[in-house]
Amino acid sequence: METKIVKAYGDPVKDAPVMAEAGKIIKAGGLVAIPTETVYGLAGDALNPDSARKIYEAKGRASDNPLIVHIADIGDMSYITEGIPDMAYKLAEKFWPGPLTMILKKSDKVPLRTTGGLDTVAVRFPVNDIAREFIKASGGYIAAPSANVSGRPSCTSAKHCIEDLSGRIEMIIDGGEVGIGLESTIVDLTQDVPCLLRPGYISSRMLRDVLGDMDTDAAVYEQVSDDVRPKAPGMKYRHYAPKGELTIVRGPKDEVITEIRRRIAEHEARGEKCAVISSHENARQYDPDKVRDIGSISDEEEIGRRLFSILRDMDSMEIEYIYSESFDTPRLGEAIMNRLMKAAGHKVIEV
Ligand code: TXA
Ligand code: MG
């Protein structure tokens, strides 16, 4: 299949022809990669079980891993869900449209293929203009996992989508680089006490301010063993992973730098390709040929935005060993470290 690559600008007039064509593809059961404010998504018709099947196939994803349904109008939430709790309206009022996904009871309109067999559905109303135009042009209910091939870092630009999906889907809409770069926050509202399943740009603190009490699923901070089923099935897979071996080094700044330099020297002596992911503040402490500056520790949004693209660069440079500093920043730190820890398979050296 030849994948058509088209640009969109978030301007309804300019984008109209692209949206009309994309909408046709979706309604005919095809797939389109689209930008959102978080990461690029691989979109299909959420109400068509055959589209869900094609998404799993194009991504190489296990079909027990449910898809998020994207809407472009709060009113559309009631068509795909049942028994919406008050908390959902409160969160929607505060954070929608935006990078928050809520798990609710599904209605019979949503095929089980879309939800990976679950009787719940993940619902998200993105704020990105291109995503919203696209959803409206495509019938209003769009299933979209992150557009990466399963196991690879999520796509934060159309270039990443082309790397992963070219030849596998009908169209890629290029809306430039995403603004956030980390997938949406996911909160499960189907229990008595809401539960955080995936941290994101909407922090747990921001959620607690609205919800009061909230649990956190164990899979957010720990590696879950095979016999535990995390609430978000996607959290059990080794995710966001570069091909090289990634290790996080954590501790006082000077000791972290010394430890990383020592390990890099060892790999070099063995002729192995290695690299460092460093804060801007520390970047000059490492060999300039090996260091990637992820941004200033005082600009956590930049660190979040650049993380996946740096992990992908590590693959294109065929790096075998990657050492990363730890980025425990005030608000986004929980989301950044959740992704970094998964990418590292929870391999951490405390110094
Ligand atoms: O920012 C995002 O959320 C992006 C963009 C494209 O919107 N999408 C995204 O989708 O990250 P995906 O499929 O890569 O991650 C969705 C996660 C998976 O871990 C999945 O297991 C979980 O959400 N999930 C989906 N439906 C669920 C459900 N009904 N119950 C529990 N977890 C669910
Ligand atoms: Mg994903």
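Author: The strand that gives the most to the lining of the largest pocket is β7, with 4 residues. Strands here are DSSP runs of E of at least two residues, helices are runs of H or I of at least four, and both are numbered from the N terminus. The model is predicted, so local features need pLDDT of at least 70 and side-chain atom pairs count only at pLDDT 80 or more, while totals for chains, interfaces and linings use all residues. Residues are numbered from 1 along each chain as its sequence is written, chains are lettered from A and ligands numbered from 1 in the order in which they are written, and side-chain values use heavy atoms, with hydrogens and water left out.

β7 (120-124) is one of the strands that each supply at least two residues of this lining; the others are β4 (68-70), β10 (185-188) and β11 (195-198). The lining comprises 43 residues, and R61, N65, P66, I68 and I186 lie nearest the centre of the pocket. A pocket is an open set of points on a 1 Å grid over the protein atoms alone, where a 1.4 Å probe fits and protein lies on both sides within 12 Å along at least five of seven lines; lining residues have an atom within 4 Å of a point. The space in the largest pocket comes to about 700 Å³, a volume being the space filled by probe spheres set on the points, which are joined across faces, edges and corners. By class, 19 of the lining residues are nonpolar, 16 polar and 8 charged. Nonpolar covers Ala, Val, Leu, Ile, Met, Phe, Trp, Tyr, Cys and Pro, charged covers Asp, Glu, Lys and Arg, and the others, Gly among them, count as polar.

V187 stands opposite L196 of β11. L196 also stands opposite T216 in β12, and β11 runs parallel to β12 (residues 215-216), joined to that strand by 2 bridges.

The domain assignment of the protein gives domain 1 as 4-220 and domain 2 as 245-350; such bounds come from an automatic or database domain assignment. The C-alpha centres of domain 1 and domain 2 are 29 Å apart. Domain 1 puts 26 residues into the contact and domain 2 puts in 17, contact meaning heavy atoms within 4.5 Å.

The second largest pocket has a volume of about 170 Å³. V249, R250, G251, K253, V256, S279, E281, N282, I297, E325, S326 and F327 form its lining. Two or more of the lining residues come from each of β13 (245-250) and α8 (253-269). The classes are even here, with 4 nonpolar, 4 polar and 4 charged residues.

β13 belongs to an open sheet of 5 strands, in the order β15-β14-β16-β13-β17, with parallel pairing. β15 (291-293) and β17 (348-350) are the edge strands, each pairing on one side only. On average, neighbouring strands of this sheet are turned by 25° against each other, direction ignored. α8 packs on the sheet and touches β13, β14, β16 (321-325) and β17, with its direction at about 175° to that of β16. Axes are lines fitted to C-alpha atoms, for helices over the stretch in contact, and angles run from 0 to 180 degrees between N-to-C directions. Helix α9 (residues 300-316) lies across β13, β14, β15 and β16 and runs at about 160° to β15.

Within the sheet, β13 pairs with β16 over 5 bridges, in the parallel sense, and the bridge partner of V249 in β16 is E325. Both V249 and E325 are also among the residues lining the second largest pocket. β13 and β17 are parallel as well, over 3 bridges, and I248 stands opposite V348 in β17. Strand β14 (residues 274-278) pairs in parallel with β15 over 3 bridges, where V276 stands opposite V291.

Two backbone points remain. Most residues other than glycine have a negative phi, and most peptide bonds are trans. E318 is not a glycine but has a positive phi of about 55°; E318 sits in the loop between α9 and β16. The bond joining W96 and P97 is cis, with omega about -10°, and P97 lies in the loop between α4 (86-95) and β6 (100-106).

Note on methods: Two strands pair if DSSP finds at least two bridges between them.
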